[in-house]
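Visitor: I would like to learn how to read a structure like this one. Could you take me through it feature by feature?

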Amino acid sequence: MTLVLALIDCDNFYASCERVFQPRLESQPVAVLSNNDGCVIARSNEAKALGIPMGAPAFQYRGIFWRHGVKLFSPNFELYGDMSDRVMATLRPFTEQMEIYSIDEAFALLPGLPEEEHESYGQAIRSAVLKHTGIPVSVGIAPTKTLAKIALELIKQTPAKTGVLAIGRLPNLDAQLAGLSVRKVWGIGHAFTARLERLGIRTVQDLKHADLRQVRRILPVNGFRTAMELNGRSCLPLTALDAPCKSVICSRSFSRAVRTFGELSEAVAAFAARAAEKLRKEHRTATILQVFVETNRFKERDWYANVKAVVLPRSTNYTPDLLAAAQEALQHLFIPGRNYKRAGVLLSELQNDSSGQPDLFGETSAGALERRSQLMKTMDAINQRYGQGTARFLAEGTVQPWRMKRLLKSPAYTTQLAEIPVARC
DNA sequence: TCTGGGGTCCTAGGACCC
DNA sequence: TCTGGGGTCCTAGGACCC
């Protein structure tokens with residue numbers, strides 16, 4: 001039986017989130033920047049039309065921003081995360097099963113409907129999300145995930161922006177696929193495109209009709225699956241909604257170079273503490289902690305990057321334990337005299353949190369474990385209520401001069417009572 | 001002056017074993 | 001010139017995604 005899969009993708013998600021709360025920006029060019037206001041990470045259609053590419057370094061495009069009055073924003077992930085939750089909640093009643101694939105897109109299994117009703121169903125989804133959240137979405141409908149992705153690609157290329165496309169209803173699918181570079185296929189990146197092109201496989205249509213044995217020889221197994229999916233054979237099922245994460249990372253570029261061990265150590269402690277918070281939120285514990293540091297990779301002459309892993313004596317999400325491990329790792333990494341530009345903490349070998357449960361051979365008593373767990377819960381609650389970093393460890397530093405800059409950030413409209421929008425008559 | 005951050009999966013190759 | 005043949009497990013690094 002063929003599935004009816006939909007891919008629902010928020011249009012220019014971060015830019016659209018900003019617009020919801022500043023409607024006067026409708027039809028104006030809007031760009032959202034990365035941390036430290038470094039690169040462009042989201043663009044409204046108007047900004048795209050100005051030729052501002054994804055990932056563009058902001059300083060190189062300052063002229064264009066200024067000439068065309070591009071409205072710039074620092075990233076407001078608190079807002080985007082909350083808006084994403086609202087979008088996903090709106091989608092759920094329309095679907096039999098859903099896989100939230102990223103902050104701005106979800107795959108969904110649609111109920112069994114006659115094919116001629118697919119597009120109107122997609123339109124209904126689209127109107128509901130727009131009405132409930134103010135976010136415009138596009139909907140691609142197809143028998144496989146890969147084809148649903150292709151549908152979204154085709155939507156982008158058609159001038160009549162209806163926002164919904166059911167692949168099965170397309171009269172000239174092959175002709176359209178022949179006009180699409182193989183690079184546009186989900187899972188085919190830079191390197192795989194080069195390999196395929198060497199075999200003369202240049203368009204999506206070429207890949208769809210390629211000799212699968214040949215494809216298998218030059219691509220890993222997922223490349224093979226992708227080719228099958230283009231032919232309507234579903235190989236990539238919807239994954240479980242609550243699949244536990246396998247690693248947690250927190251890393252940042254610094255607003256300016258960091259030279260001293262003291263400052264670097266503060267930053268790494270702060271990242272470890274953020275990572276630990278994420279871990280507790282997911283009810284997980286980590287067994288391995290890795291610290292990595294890097295100097296400015298755009299100044300190749302002094303580029304230095306290194307990583308050090310520490311195996312924790314017991315799987316934990318208790319911040320002080322992770323801070324100690326991070327310090328130990330950093331001792332091995334730090335070389336004086338360098339200008340560090342970025343650092344991070346990666347937690348892996350995750351397990352389900354069984355805190356409160358005393359470990360068989362450990363010296364820590366049940367009572368002590370319970371107190372540790374309570375302490376973390378209290379800190380998390382304070383930070384949840386009053387904003388990240390309100391309660392923190394001294395090791396994270398007080399001044400934090402390396403802290404990223406977000407000079408153009410919009411308010412936390414939906415998650416902080418103090419920043420809620422006010423309507424004036 | 002100024003160039004993001006957070007993930008997953010796969011594979012090749014080394015170490016080790018019989 | 002020939003240099004056994006399977007296995008397993010682990011890790012680093014590559015490739016991809018948004």
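**Contacts with the DNA**

Guide: Let us start at the DNA: a polar side-chain atom of Glu105 lies 3.1 Å from a sugar or linking oxygen of DNA strand C. A polar contact here is a pair of N or O atoms within 3.5 Å; within protein, one must be able to donate a hydrogen and the other to accept it, and residues adjacent in sequence count only if both atoms are side-chain atoms. This is a predicted model, in which local features need pLDDT of at least 70 and side-chain atom pairs pLDDT 80 or more, while totals for chains, interfaces and linings use all residues. Residues are numbered from 1 along each chain as its sequence is written, chains are lettered from A and ligands numbered from 1 in the order in which they are written, and side-chain values use heavy atoms, leaving out hydrogens and water.

Visitor: Which part of DNA strand C do Asp104 and Lys149 reach?

Guide: The side chain of Asp104 has an N or O atom 2.8 Å from a sugar or linking oxygen of DNA strand C.

Visitor: How many residues surround DNA strand C?

Guide: A residue is near a strand if one of its heavy atoms lies within 4 Å of it. Here 14 residues surround DNA strand C, with Asp104, Lys149, Gly187, Gly189 and Phe192 the closest. Helix 8 gives the largest share of this surface, three residues. Helices (H or I, at least four residues) and strands (E, at least two) are DSSP runs, numbered from the N terminus.

**Aromatic rings**

Visitor: How are the rings of Phe21 and Tyr413 arranged?

Guide: Rings of Phe, Tyr and Trp (its six-membered ring) pair if their centres lie within 6.5 Å; planes under 30 degrees apart count as stacked, over 60 as edge-to-face and the rest as tilted. The count comes to 15 aromatic pairs. The centres of Phe21 and Tyr413 are 4.2 Å apart with planes at 10°, so this pair is stacked. Phe21 is in helix 1 (residues 13-21) and Tyr413 in the segment after helix 14 (366-386), 392 residues apart.

Visitor: Is Tyr413 buried or exposed?

Guide: Buried means under 20% relative accessible area, exposed over 50%, partly exposed in between (1.4 Å probe, protein chains only). Tyr413 counts as buried because its relative accessibility is 8%, whereas Phe21, at 24%, is partly exposed.
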